[in-house]
Amino acid sequence: MALSWSHSVLFVKNMCEMREFYTRVLGFQVTDEGSIPGNKNIVFLSQQPNEHHQLGLIGPRENEGPPTTLAHFAFRVESMAELRDVIGRVENEGLNYRPTSHGNTWSIYFQDPEGNGIEIFHNTPWHVQQPQGKVWDTSLSDQELFAWTERTFQNEPLFGPRENYEEDRRKKLSSN
Ligand SMILES: [Fe+2]
């Protein structure tokens, strides 16, 4: 099993200011944005064609909590076998985890011993407009999971092959 760094997602107080800082000053492009449960918005930012987001911003963050600005950080694995290996390790530790597919990933979410959120995911072969997420059944075979994922997300906006999306992102980044 090998984990590659992918992204962090932060809770922010002032979305406009933070978005402006990361785009204007640090050169990120907004790849997607939208509302998520809890009356919040999420903005995804990236400067790499093969990372849908290197940074996510969720806001507004209430002053009274959560006690950290970190929503989660995320690592990618390169195969379903590795993702299932991670799931086995997490289960052996007796940790609770949440399997969520964003259509472009099969992810699991859990917490480290100090309550920091961690996502570990394997990419699906597809891109689909974000944000979105559905619980996936970890007992499905790889083949069943593929079929379920395609069926579940194929009617969502911008559903299509990952290669096409990355090619499009590459063009947008080079014209920046
Ligand atoms: Fe994530």
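The protein has four helices and eleven strands, where helices (H or I, at least four residues) and strands (E, at least two) are DSSP runs numbered from the N terminus. This is a predicted model, in which local features need pLDDT of at least 70 and side-chain atom pairs count only at pLDDT 80 or more, while totals for chains, interfaces and linings use all residues. Residues are numbered from 1 along each chain as its sequence is written, and side-chain values use heavy atoms, with hydrogens and water left out.

The C-alpha atoms fill a box of roughly 45 × 40 × 30 Å along the principal axes. Buried residues account for 45% of the 176 residues. Among contacts (heavy atoms within 4.5 Å) between residues at least 6 apart in sequence, 61% join residues at least 24 apart.

An iron ion is coordinated by His7 (NE2), His72 (NE2) and Glu119 (OE), at 1.9 to 2.2 Å. Donors are N, O and S atoms within 2.8 Å of the metal (3.2 Å for Na, K and Ca); water is not among the atoms, so sites may look incomplete. The spacing of the donor residues in sequence is H-x64-H-x46-E. Histidine 72 in strand 5 (residues 70–76) and glutamate 119 in strand 8 (residues 117–123) are 47 residues apart, and this pair links distant parts of the chain.

The table lists relative accessible areas; buried means under 20%, exposed over 50%, and partly exposed in between (1.4 Å probe, protein chains only).

| Residue | Relative accessible area | Class |
|---|---|---|
| Histidine 72 | 11% | buried |
| Glutamate 119 | 2% | buried |
| Phenylalanine 21 | 37% | partly exposed |

Phenylalanine 21 is found in helix 1 (residues 15–25).
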